Every structure is written in structure tokens, then in C-alpha cells.
Amino acid sequence: MQQFHPHPYQQAGIDAILEKPGVALWMEMGLGKTVVTLTAIDQLIYDRLEIDKVLIVAPKKVAEATWQDEAAKWGHLRHLRISTVLGTEKQRKAALAAQADIYIINRENVPWLVHTLGRSWDFDMVVLDEASSFKNHAALRFKALKAVRPRVHKVVELTGTPRPNSLLDLWAQIYLLDQGERLGRYITHYRKTYFWPTEYSYEPREGAAEAVEGRIKDIVLSFKAADHLTLPEKIIDDIPVVLDTTAQRIYKKLEKDYLLEVNGETITAQQVATLTGKLLQLCNGSIYSEEGRTIPIHRCKLDAFDELIDALDGQKALVFYGFRFDEEQLTETLKTRHKGLRFAVLNNEHDVAAWNAGELDVLLAHPASCAYGLNLQQ
């Protein structure tokens with residue numbers, strides 16, 4: 001159990017949540033936006049008595065364990081009661097009925113939640129983790145929250161990027177903070193004020209970015225990791241993999257003819273995008289048949305992986321893979337050639353906990369399984 005001593009920028013985030021009815025924290029990864037938010041929630045519930053029930057809306061993987069793990073990690077947060085609203089409808093309703101301070105739900109179920117509670121909506125604080133998923137003003141999840149926003153006393157939006165990708169995406173997110181006070185009550189007014197219409201979309205008018213920033217700067221705090229963290233220098237070690245003669249010949253033929261006969265199977269690639277995918281598969285060592293069967297071609301990249309694991313000599317390795325057959329072949333390589341190593345494929349919160357506890361030497365992960373908010377750095 002750790003003791004939390006907030007850095008000045010973290011204290012600024014806590015104070016903003018405490019004092020403002022709506023605030024956005026744009027904080028890069030590693031700056032502690034989860035512990036900052038939980039600390040403010042704890043003070044709002046137990047010190048200031050301003051809040052009774054908090055709803056946290058997060059991507060599904062984050063909703064499963066990230067907030068729960070963070071609360072358990074810090075001594076001053078361990079008393080917080082958390083109910084995870086996931087699973088079947090029966091399980092979700094049971095979680096809603098449980099006595100808790102914080103209820104965590106995945107963003108896809110927000111419309112269900114609003115519909116289910118109806119006039120019984122009693123969350124007086126809402127936290128949107130990865131708030132950019134509420135940038136679409138036409139999405140059901142946005143419309144659902146917009147409907148109950150007048151009954152919510154405090155809204156906190158969190159995102160891991162210090163600036164939005166598009167100025168157009170800001171309206172919906174800011175509306176949920178201030179109900180239209182700063183950028184207008186309607187998306188049409190926002191567009192008319194700050195954008196020129198084009199054939200397919202809208203382009204910002206000259207000075208629009210500065211004008212919008214000026215309107216929202218009092219409720220948006222932006223923090224970059226480079227300004228607050230001292231990290232060791234990143235070292236990139238490129239390891240070239242040379243395909244053997246047979247694999248090179250097969251690659252060139254597929255690249256040239258968009259057609260391949262291998263092991264009695266015919267592989268075709270009608271489109272350039274399909275060809276690119278097939279060539280990427282081939283580089284990794286196998287290729288999928290038209291029926292989805294895996295056809296092994298070579299072990300060149302697996303052999304390089306094998307040598308790298310040997311060279312690490314027991315040091316931890318987080319390994320990302322692209323295709324399902326990669327997972328199968330990497331798993332088989334670790335089982336047969338590195339029997340002393342402890343490894344797992346990242347599938348759930350138990351794998352995250354095992355990795356953070358130092359119980360695994362190698363963790364295999366597909367990038368899609370850890371797109372948001374996983375804490376794997378402990």
C-alpha cells in the first residue's frame with residue numbers, strides 16, 4: 001500500500017475538480033489522472049459532503065480493473081466502495097443496486113443506464129474516462145448523457161492527450177461540462193461561429209483555435225509529461241530479420257502476381273489493401289488461406305524473437321503481436337524453447353495484475369486489447 005504525495009500539477013488537478021462544476025483534465029499517460037480524480041472524489045464524498053454517488057464511464061478494459069486497482073493501491077483511497085456495472089443485464093442491475101460510492105460502467109452501456117434509471121437517476125457526479133469517445137454529438141451515448149446533464153452537479157472529463165485531434169470534436173465534450181455556456185448550446189451555432197462549410201466537412205476560420213481556447217481555458221487543464229516527468233532516454237534497437245530464400249521467393253511471387261500456390265492452397269489478393277495484409281502475414285511467418293486456415297511459411301521472425309528472449313536472460317518483455325497465428329506461434333515458442341519463463345497472453349485484469357506484481361517474465365498482447373488506460377508500468 002502506497003502513500004500519495006501529490007506533485008504540484010496533480011494538486012492543481014485535484015483543486016480544479018473540487019472547485020469547478022465541470023472540468024477537463026488533458027493529461028498525458030503517466031501523470032496520474034486516475035489517482036488525482038479518485039483523491040478529489042474521496043474529498044467530495046467524505047470531507048466536503050458535496051457528492052453522494054459517482055458514475056465513472058470508461059472503455060470496457062479500463063472499466064474492468066484500472067480504477068479498482070488504483071483505489072486499492074493507495075492508502076488514502078482503500079475505503080472507497082466501488083461497484084463494477086458490467087456483464088449481463090441482470091449482473092448490471094445487481095451492481096447498480098449494491099451500496100457503493102463509485103459505480104463504473106463501460107461507455108457502450110450509457111444509453112441503457114439512462115433508460116433503465118429514468119426519473120430515478122441519482123448520480124450527482126459523472127467522470128468520463130477517455131472523454132474523446134463522447135465527441136460525436138449525434139451518438140446515442142452523448143444524447144443519453146446530455147438528457148441527464150442538468151441533474152448532475154459535477155462532471156470531470158479525462159483524456160490522455162494534451163490537445164484534441166480536431167477543433168470540431170470539442171463542442172460535444174465541452175457541452176457536457178458547461179451545457180453550452182462557452183461554445184454555444186447547439187452544434188450548428190458552434191460551426192457557424194468558428195468554421196467555414198466545405199463540400200464534405202468544415203474548416204476552422206482564421207483565429208478559430210485561439211478563440212475557442214480562450215473560451216474554454218478556465219475549465220480545461222492541459223499537462224504534458226515532458227513538462228513534469230524525468231524519464232530515462234528511450235533506446236530503439238532495430239533488429240533486422242532476413243527472410244530465407246524460400247520465403248523471399250514466395251513473397252516476391254505474391255507481390256507480383258497477387259496469387260500464390262502453397263502447400264496445395266491457393267492464396268489470392270484482389271485488392272492492394274488485401275495484398276498488403278497478406279504480405280504482412282507472410283513476413284510474420286504464416287499466411288491465412290481463403291478459408292481462414294493458417295499456412296506456415298517460415299520461422300525467420302520467430303527465430304529472431306527466440307534469440308532476443310535468450311539475450312534478455314530473464315529480463316521482463318512486453319511483446320505485441322499482429323495476427324492470431326502470431327499469438328499461437330509465440331506461445332508455442334515460449335512453451336518449448338523457454339520452459340523456465342513465466343508468460344501469459346493479456347486477456348483480462350488478472351493478467352494485468354500478474355504482470356504488475358512481477359509474476360510474469362513475458363506478457364504477450366495485441367494492441368487492440370490495451371488501447372486505453374491499462375497500467376502496465378509497475
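**View 1. Helices H6 and H7 pack at an angle of about 25°, with axes 10 Å apart.** The model is predicted. H6 covers residues 140–148 and H7 residues 170–178. Because angles under 35 degrees count as roughly parallel, H6 is roughly parallel to H7. Their crossing is left-handed. From H6, Phe142, Leu145 and Lys146 meet Trp171, Ala172, Tyr175 and Leu176 of H7. By class, this contact has six nonpolar residues, one charged and no polar.

**View 2. Phe4 and Trp74 form an edge-to-face ring pair.** The whole structure holds 11 aromatic pairs. In this one, the ring centres are 5.4 Å apart and the planes lie at 65°. Phe4 sits in the segment before helix H1 (8–19). Trp74 is in the loop between helix H3 (60–73) and strand S3 (82–85). The pair thus links parts of the chain 70 residues apart. Phe4 is buried at 15% relative accessible area, and Trp74 is buried at 10%.

**View 3. Tyr288 and Phe325 pair edge-to-face.** Their ring centres are 5.2 Å apart, with planes at 65°. Tyr288 belongs to strand S12 (residues 286–288) and Phe325 to helix H14, so the pair ties together parts 37 residues apart in sequence. Tyr288 counts as buried at 18% relative accessibility. Phe325 is buried too, at 0% relative accessible area.

**View 4. Thr331 lies in helix H14 (residues 324–337).** Thr331 is buried, with a relative accessible area of 15%. Beyond its neighbours within four places in sequence, Thr331 is in contact with Phe343, Val345 and Leu364.

**View 5. Tyr103, Trp121 and Phe123 form a cluster linked by ring pairs.**

Conventions. Residues are numbered from 1 along each chain as its sequence is written. This is a predicted model: local features need pLDDT of at least 70, side-chain atom pairs count only at pLDDT 80 or more; totals for chains, interfaces and linings use all residues. Side-chain values use heavy atoms; hydrogens and water are left out. Helices (H or I, at least four residues) and strands (E, at least two) are DSSP runs, numbered from the N terminus. Buried means under 20% relative accessible area, exposed over 50%, partly exposed in between (1.4 Å probe, protein chains only). Contact means heavy atoms within 4.5 Å. Axes are lines fitted to C-alpha atoms, for helices over the stretch in contact, and angles run from 0 to 180 degrees between N-to-C directions. Angles under 35 degrees count as roughly parallel, over 145 as roughly antiparallel, 65 to 115 as roughly perpendicular and the rest as oblique. A crossing is left-handed if the near helix is turned anticlockwise from the far one by less than a right angle, and right-handed if clockwise. Ala, Val, Leu, Ile, Met, Phe, Trp, Tyr, Cys and Pro count as nonpolar, Asp, Glu, Lys and Arg as charged, and the others, Gly among them, as polar. Rings of Phe, Tyr and Trp (its six-membered ring) pair if their centres lie within 6.5 Å; planes under 30 degrees apart count as stacked, over 60 as edge-to-face and the rest as tilted.
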